[in-house]
Amino acid sequence: MTAPRVVLHVGAPKSGTTYLQRSLWNRKNALADVGVRCVGDLPRDMFHAAIGLRGSEKFWGMDAAEVRATWERLVSQAHQGSGTWVMSHELLSLCTARQAERALADLEGLDLHLVYTARDLGRQVPSEWQERVKNGSTVSFGEFERGIAERMTGDRSGGTFWRAQSVVDVLQRWGEDLAPDHVHVVVAPKRGAAPELLWERFGSAVGFDGQAITADAGARSNQTLGSTQAELLRRVNQRLGDRVPQPHYARIVKRQFSQSTLTEQGSAPARCSPELLQQLHDFALDQNAQLEERGYQVHGDLAELVPDVAGGDAVDPSSISGDELAEAATTALADLLAERMPKAGGAGGRGGAGHTGAARGRAAGASRSPVSALVGLLRNRGRR
């Protein structure tokens, strides 16, 4: 009897993983018709499994026993199934060598294929900084850049950026005992390319035709902030401190404030300094040579992973003026307040009966939102 085929997609973060995962679930029926399925009952199952495998449930405010049991359940599903099973989450790229070893032991006996989606590091650095800010980080872009440069050579395992973004290191950690034809590097296309191209390359690694089964990531996406808005969010994080822990932060600050409000504004994206871009360019050339030497299966062109060192001026969010930040904050606060305007004819509107005392209490409890955070920020600033 043929062992089930498992495609373990381990990242990298900010390489199009959200787009791919949503398309996998939104096209699950068409994929099932060709024998390709995602493990789990819901998209969040792999998120919980990755957290449990990494032992990072405390950061995310989740129950340790629950998330660790999720990994075991998904592995069991793959062992008992047939065809091709996809296990995909970018947090897996952050696993230590010991954590990866444990996961691979659980998957022993399956026809395991390892997939890693890689993107130009010159784009990854500002994207990864911004994603961390959207999850509560207060580290400035300049500080983040310096950390990247310091850890680029030598032991990269201590810094989470390089642990996830160094293709050679991740594939060594996860695929050391796999045959080269079972290790796949999917190259994210250059900026401006059709997003479907990434899906097609990913499909060729997984084992389906990405042109016959088209991508469908739905309306939601992990939208990018401009440099001014990202810096504003970072400073809001500084003032919030630990007052909005996970998982409340993800709902209130990341989704409501960042993804729904700040993305409505626009500004130039953050961009690395020329010095760092040159270092990343040289690193990528060396990395590509190692990937070719190891004989991994490459879907796309490795040249697309080399940063363009002459692609424009550096944009450091830390250097944005106070006036620009104040304008962005004022606009965001006005938008948030307008969102809370009752609908015409609804409860609390001029034509309605208005809130009862109990209803007002419930409404106040339900409206813990970025408005409260911004008002608190402005109030605290006035006291200084």
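Modeller: Crossing angles of 65 to 115 degrees count as roughly perpendicular. Please keep in mind that this is a predicted model.

Biologist: How do the axes of α12 and α15 cross?

Modeller: The axes of helix α12 (residues 227-240) and helix α15 (residues 322-339) cross at roughly 80° and come within 10 Å. The two helices, α12 and α15, are therefore roughly perpendicular to each other.

Biologist: Which residues in α12 and α15 meet there?

Modeller: From α12 there are Thr 228, Gln 229, Glu 231, Leu 232 and Arg 235, and these meet Glu 324, Leu 325, Ala 328 and Ala 329 in α15. By class, the contact of α12 with α15 has four nonpolar, two polar and three charged residues.

Biologist: And α7 with α14, at what angle do they pack?

Modeller: Helix α7 (residues 121-133) packs against α14 at an angle of about 125°, and their axes are 9 Å apart. That makes α7 oblique to α14. Leu 121, Gly 122 and Val 125 of α7 make the contact with Leu 276, Leu 277, Leu 280 and Phe 283 of α14. By class, the contact of α7 with α14 has six nonpolar residues, one polar residue and no charged residues.

Biologist: Let us step back. How many helices and strands are in the chain?

Modeller: The protein chain has 17 helices and six strands. Of its 384 residues, buried ones make up 49%. Among the contacts with a separation of 6 or more, 81% come from residues 24 or more positions apart.

Biologist: In what order do the strands form the sheet?

Modeller: The six strands form an open sheet in the order β2-β3-β1-β4-β5-β6, with parallel pairing. At the edges are β2 (36-38) and β6, each of which pairs on one side only. From one strand to the next, the twist averages 25°.

Biologist: Take β1. Is it buried or exposed?

Modeller: Five of the five residues of β1 are buried, so β1 is largely enclosed by the rest of the structure. Arg 5, Val 7 and His 9 point one way, Val 6 and Leu 8 point the other way, and all are buried. In a regular strand the side chains alternate between the two faces of the sheet.

Biologist: What lies across β1 and β3?

Modeller: That is α5, which runs at about 160° to β3.

Biologist: Now β5. How many of its residues are buried?

Modeller: Five of its five residues are buried. Val 183, Val 185 and Val 187 cover one side of β5, and His 184 and Val 186 the other. With β4, β5 pairs in the parallel sense over five bridges; with strand β6 (residues 297-299), β5 pairs in the parallel sense over three bridges. Val 185 stands opposite Tyr 116 and opposite Val 298 in β6.

Biologist: Which residues touch the most other members of the largest nonpolar core?

Modeller: They are Leu 8, Met 87, Leu 92, Leu 171 and Trp 174, in a core of 43 residues. Elements giving two or more residues to this core include β1 (5-9), α5 (64-80), β3 (84-88), β4 (111-118), α10 (167-175) and β5 (183-187). A second, separate core of 34 residues includes Val 244, Val 253, Phe 283 and Leu 325. In soluble globular proteins, nonpolar side chains tend to be buried together.

Biologist: What is Leu 92 in contact with?

Modeller: Leaving aside neighbours within four places in sequence, Leu 92 is in contact with Leu 8, His 9, Val 10, Met 46, Ala 50, Leu 53 and Trp 174.

Terms used. Residues are numbered from 1 along each chain as its sequence is written. This is a predicted model: local features need pLDDT of at least 70, side-chain atom pairs count only at pLDDT 80 or more; totals for chains, interfaces and linings use all residues. Side-chain values use heavy atoms; hydrogens and water are left out. A nonpolar core is a set of buried Ala, Val, Leu, Ile, Met, Phe, Trp, Tyr and Cys residues joined through side-chain atoms within 4.5 Å. Buried means under 20% relative accessible area, exposed over 50%, partly exposed in between (1.4 Å probe, protein chains only). Helices (H or I, at least four residues) and strands (E, at least two) are DSSP runs, numbered from the N terminus. Contact means heavy atoms within 4.5 Å. Two strands pair if DSSP finds at least two bridges between them. Axes are lines fitted to C-alpha atoms, for helices over the stretch in contact, and angles run from 0 to 180 degrees between N-to-C directions. Angles under 35 degrees count as roughly parallel, over 145 as roughly antiparallel, 65 to 115 as roughly perpendicular and the rest as oblique. Ala, Val, Leu, Ile, Met, Phe, Trp, Tyr, Cys and Pro count as nonpolar, Asp, Glu, Lys and Arg as charged, and the others, Gly among them, as polar.
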